[in-house]
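Please look through the following points with the sequence and the structure side by side.

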Amino acid sequence: MQALSAETDWASAHFPAFADALRAAPDRYNIAGHDTALAILGTSEGPRLRECVWGLVPPWSPSPQTRYTTVTARLDRAARSRMYRRAWQSQHCVVPISGYYKWDRRNAPARPYFIHARSGEPLLLAGLWECWDREGPALYTFTLLTGPNPAIPAPLTQDGPVFVPADRWQRWLKPGAWFPGASLKGLRLPALDAYPVGRAIQDKTRDDYTLLEPAPVDSESASAHDNDEDFGEDD
């Protein structure tokens with residue numbers, strides 16, 4: 001995942017309370033699972049902007065780690081999952097990003113692409129958050145919701161993050177009777193573009209703008225791979 005670069009006008013229009021904080025945040029280009037990212041949390045006191053760890057830790061976990069991969073949660077299963085049920089009911093979040101990486105696994109080796117809004121505006125990803133505070137300072141974590149997404153351009157698999165329109169994010173943060181089949185699947189989808197980038201994004205120590213430079217699509221061996229089904233560790 002790539003984090004939000006400073007988008008002054010957009011942030012001021014849609015997040016006036018957080019525009020200065022978003023503008024002051026450093027640009028990020030290679031956020032992976034278990035890294036930190038800025039998220040806007042829905043709380044009983046209203047929206048709060050907080051740096052959180054990507055990978056949800058439920059409050060009943062005996063430690064601040066889980067045995068399972070919790071960077072993503074399937075939209076059609078999150079409401080029923082013990083891991084995410086409480087957060088689904090009352091703790092929603094949105095994560096603003098400029099774009100994200102997704103792998104094309106039709107051939108070997110797999111090729112990463114960078115997906116972004118055709119308009120150039122940031123994207124808002126729907127997520128769930130939790131706070132684990134059994135010992136030491138409170139640990140805030142989040143997961144991103146995923147599902148079928150026809151907005152994702154070919155040749156990439158049309159499955160990935162759930163986008164929230166900029167004019168609906170406050171509604172998503174409010175607790176309520178959210179039903180996976182109707183609440184988010186019918187939201188307006190942004191027009192997306194994608195282009196291939198280099199495999200240097202696999203190096204988790206790299207976090208600079210050169211990762212976004214277009215790379216030629218090479219013609220290497222064409223043994224088929226399974227398509228990725230969710231926006232998670234590889235993305």
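1. In this predicted model, C131 counts as buried because its relative accessibility is 17%, and buried here means under 20%. C131 takes part in no disulfide, and the nearest cysteine sulfur, which belongs to C52, lies 9.1 Å away.

2. C93 likewise counts as buried, with a relative accessibility of 0%. The cysteine sulfur nearest to C93 is that of C52, at a distance of 7.0 Å, and C93 is in no disulfide. Because a disulfide requires two cysteine sulfur atoms within 2.5 Å, the count for the model comes to zero.

3. T66 sits in the loop that runs between β2 (46-54) and β3 (72-74), and with a relative accessible area of 27% it is partly exposed. Leaving aside residues up to four places away in sequence, T66 touches L56, V57 and P58. The side chain of T66 also reaches the backbone oxygen of Y68, at 2.7 Å. M83 is 17 residues from T66 along the chain, and the C-alpha atoms of the two are separated by 10.0 Å.

4. As for the protein as a whole, there are five helices and 10 strands, and 49% of the 235 residues count as buried. Among contacts with a separation of 6 or more, 68% are accounted for by residues 24 or more positions apart.

5. The accessible surface of the protein comes to about 11400 Å², and carbon and sulfur atoms hold 50% of that area.

Definitions and conventions
Residues are numbered from 1 along each chain as its sequence is written. This is a predicted model: local features need pLDDT of at least 70, side-chain atom pairs count only at pLDDT 80 or more; totals for chains, interfaces and linings use all residues. Side-chain values use heavy atoms; hydrogens and water are left out. Helices (H or I, at least four residues) and strands (E, at least two) are DSSP runs, numbered from the N terminus. Buried means under 20% relative accessible area, exposed over 50%, partly exposed in between (1.4 Å probe, protein chains only). Contact means heavy atoms within 4.5 Å. Accessible areas come from the Shrake-Rupley method with a 1.4 Å probe; for residues, only the protein chains shown count as cover. A polar contact is a pair of N or O atoms within 3.5 Å; within protein, one must be able to donate a hydrogen and the other to accept it, and residues adjacent in sequence count only if both atoms are side-chain atoms.
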